[in-house]
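Reader: I am new to this structure and would like a short tour of one of its helices. Could you show it to me?

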Amino acid sequence: MAELDSTEPRAGPNLVQIADVFTRYANFTLGGGSATVAVVHRELLDKRRWVSPDDFALCFALARLTPGTNLLAFCTGIGWVLRRLPGAVVALLSASIPCTLIVVAATSLFSQWQDNYWARAAIHGATAAAVAITVKTCWTIAHPHFKGRGRLRVVFVVAAAFLLHAWLGMPAIEVLLLAAVIGTLLPAPAE
C-alpha cells in the first residue's frame with residue numbers, strides 16, 4: 001500500500017465549506033490583504049491541504065497581475081482551483097459581501113473618529129503592523145522556493161523587483177510582468 005504524502009492536497013471541499021472558509025478568513029482577518037493571504041495559506045495548505053503550494057502560488061501571482069482588488073482576485077482564483085466556476089463564485093461572494101458591509105459601517109463612523117487623537121494613534125500603529133504582516137506573507141509564499149540553488153534566484157528577484165519599483169519608479173504591474181517573463185525564460189534550477 002502506497003504511503004500518503006502529507007504535502008499532497010486532500011479531496012476538494014464542497015461549496016458550503018468554501019463559503020465558510022472565505023467568509024471567516026477573508027472578512028475577519030485584520031491587517032489587509034497580505035494578512036488574509038497568510039491566514040488562507042495556513043488554512044488551505046497547512047491545515048486542510050485543499051490546494052497544492054504550486055496552485056496557491058499561481059493564484060497569488062495571477063491575482064497580483066489583475067487590476068482592482070488583488071485579494072478578491074486571489075480568493076476567486078483559489079475558488080476556481082477548488083471547484084471551478086461554482087467555487088470561484090462562492091469564494092468571491094463569501095470574501096466580498098460581509099467585508100463590504102463592515103466597510104460601510106466603519107466609513108460612517110470614520111467622520112466621528114478622524115479628529116480623535118487615540119484613533120489617529122491606533123491607525124499609525126496598525127499601519128506599522130500591516131507592513132510587518134506584508135513582509136511575513138511574502139516570506140510564507142517565497143519560503144518553499146528558498147532552498148538549494150533556488151535561494152539565489154529568490155534573492156535576485158526580490159532585489160531586482162524592489163530596485164525597479166522603489167528606486168526606478170517602474171509601475172508594479174510592469175515589474176510583475178517582467179518577473180513573469182524572466183521566470184518563464186529562466187526556469188527554477190533542479191534540486
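Author: Gladly! This is a predicted model, where local features need pLDDT of at least 70, side-chain atom pairs count only at pLDDT 80 or more, and totals for chains, interfaces and linings use all residues. Residues are numbered from 1 along each chain as its sequence is written, and side-chain values use heavy atoms, leaving out hydrogens and water.

Reader: How many Å does α3 reach from its first C-alpha to its last?

Author: Helices here are DSSP runs of H or I with at least four residues, numbered from the N terminus. α3 has 13 residues, and 18 Å is expected at 1.5 Å a residue, taking 1.5 Å times one less than the number of residues. The reach of α3 is close to that, at 19 Å.

Reader: Which residues of α3 are buried?

Author: Buried means under 20% relative accessible area, with a 1.4 Å probe and protein chains only. Seen down the axis of α3, the buried residues fall within an arc of 100 degrees, so they line one face of the helix; the arc is that of the directions from the helix axis to the C-beta atoms. They are F56, C59, F60 and A63.

Reader: Which helices do the buried residues of α3 pack against?

Author: Contact means heavy atoms within 4.5 Å. By that rule, the partners of these buried residues are α2 (33–47), α4 and α5 (117–142).

Reader: Where does R49 lie?

Author: R49 is not a glycine, yet its phi is positive, about 50 degrees. Its place is the loop between α2 and α3.

Definitions and conventions: Helices (H or I, at least four residues) and strands (E, at least two) are DSSP runs, numbered from the N terminus. Buried means under 20% relative accessible area, exposed over 50%, partly exposed in between (1.4 Å probe, protein chains only).
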